[in-house]
Amino acid sequence: MKNSTKSLTIKEWNEEDRPREKLILKGVNSLSNAELIAILIGSGNRNESAVELSKKILNHFSNNLNQLAKAGINELQSFNGIGEAKAISIVTALELGKRRRLAEALSIPKITCSKDAYEIFQPIIGDIHHEEFWILHLNNNNKVIEKQMISKGGITGTLVDVRIVFKKSLELLSTAMILGHNHPSGKLEPSVADKQLTTKIKNAATTLDIKVLDHLIVTQKAYFSFADEGIL
């Protein structure tokens, strides 16, 4: 059970330990991840300052912000001093970070390599616990016209209807596409089913004069490119 005693607020710390004041005086880049989270939550608990509590939270997630971003509100509330409002603040801030990364990736003038495509796919499917299949629809200059989720499945797979794959392509008059799906297990190697689906889509695309430039398998920190490996 969480303590109901008065929390220690940032204003009650020594001035040199106050993240907000440090941000104003030295800039946001001077703050550690724990100090940034401390600003979000504002206070700790009876025995820990906001920074100490933030360090504990980060340590629980192996000091990995990507892992922390996967945490739900209920999981965050298991920490003494983190109520619903503070948990929501943490989840919201990390989601904004993911969306900013996606916006930066979509600002790429055109896709020139598999890493460009990975930078778009990763914020969307790199951290989720179930499998999803997405497509990037491209114009003749390899600029992304639209990104589209085709299907959502379970932990080990998702079904893909090839007819749905090309419905949007025809509506957009796109000339190329890049396929992408995630492996929640972290395993990068394509399965037999992955290879068969890629071949099926590629053959259908040839008939419609649409290029399948690549198929990426995405995990939290890495990716596998069918094109780079010469199996597309």
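First, the chain as a whole. The protein chain has nine helices and five strands. In sequence order they run α-α-α-α-α-α-α-β-β-α-β-α-β-β. The protein chain has 232 residues, and 40% of them are buried. Next, contacts. If we take contacts between residues at least 6 apart in sequence, 58% of them join residues at least 24 apart. The accessible surface is about 12900 Å², and carbon and sulfur atoms account for 52% of that.

Now the aromatic rings. How many aromatic pairs does a search of the whole structure find? It finds two. One of them is Y118 with Y223, and this pair is stacked, with 4.8 Å from centre to centre and 25° between the planes. Where do these two residues sit? Y118 is in helix α7, residues 114-125, while Y223 is in strand β5, residues 223-225. The pair therefore ties together parts of the chain that are 105 residues apart in sequence.

Are the two tyrosines buried or exposed? Y118 has a relative accessible area of 7%, so Y118 is buried. Y223 comes out at 25%, so Y223 is partly exposed.

That brings me back to F224. F224 forms an aromatic pair with F226, and this one is edge-to-face: 5.6 Å centre to centre, with 90° between the planes.

Last, the surface. Which residues form a nonpolar patch there? They are L23, I24, V28 and L36, and together they have about 340 Å² of accessible area. Take I24 as an example from that patch. I24 belongs to helix α1, which covers residues 19-26. Its relative accessible area is 69%, so I24 counts as exposed.

To recap: Y118 and Y223 make a stacked pair, F224 and F226 make an edge-to-face pair, and L23, I24, V28 and L36 make a nonpolar patch on the surface. Again, this is a predicted model. That is the end of my part.

Methods. Residues are numbered from 1 along each chain as its sequence is written. This is a predicted model: local features need pLDDT of at least 70, side-chain atom pairs count only at pLDDT 80 or more; totals for chains, interfaces and linings use all residues. Side-chain values use heavy atoms; hydrogens and water are left out. Helices (H or I, at least four residues) and strands (E, at least two) are DSSP runs, numbered from the N terminus. Buried means under 20% relative accessible area, exposed over 50%, partly exposed in between (1.4 Å probe, protein chains only). Contact means heavy atoms within 4.5 Å. Accessible areas come from the Shrake-Rupley method with a 1.4 Å probe; for residues, only the protein chains shown count as cover. Patches are made of residues with over 30% relative accessible area and no salt bridge: like charges are joined within 9 Å, nonpolar side chains (Val, Leu, Ile, Met, Phe, Trp, Tyr) within 5 Å. A salt bridge is a side-chain nitrogen of Lys or Arg within 4 Å of a carboxyl oxygen of Asp or Glu. Rings of Phe, Tyr and Trp (its six-membered ring) pair if their centres lie within 6.5 Å; planes under 30 degrees apart count as stacked, over 60 as edge-to-face and the rest as tilted.
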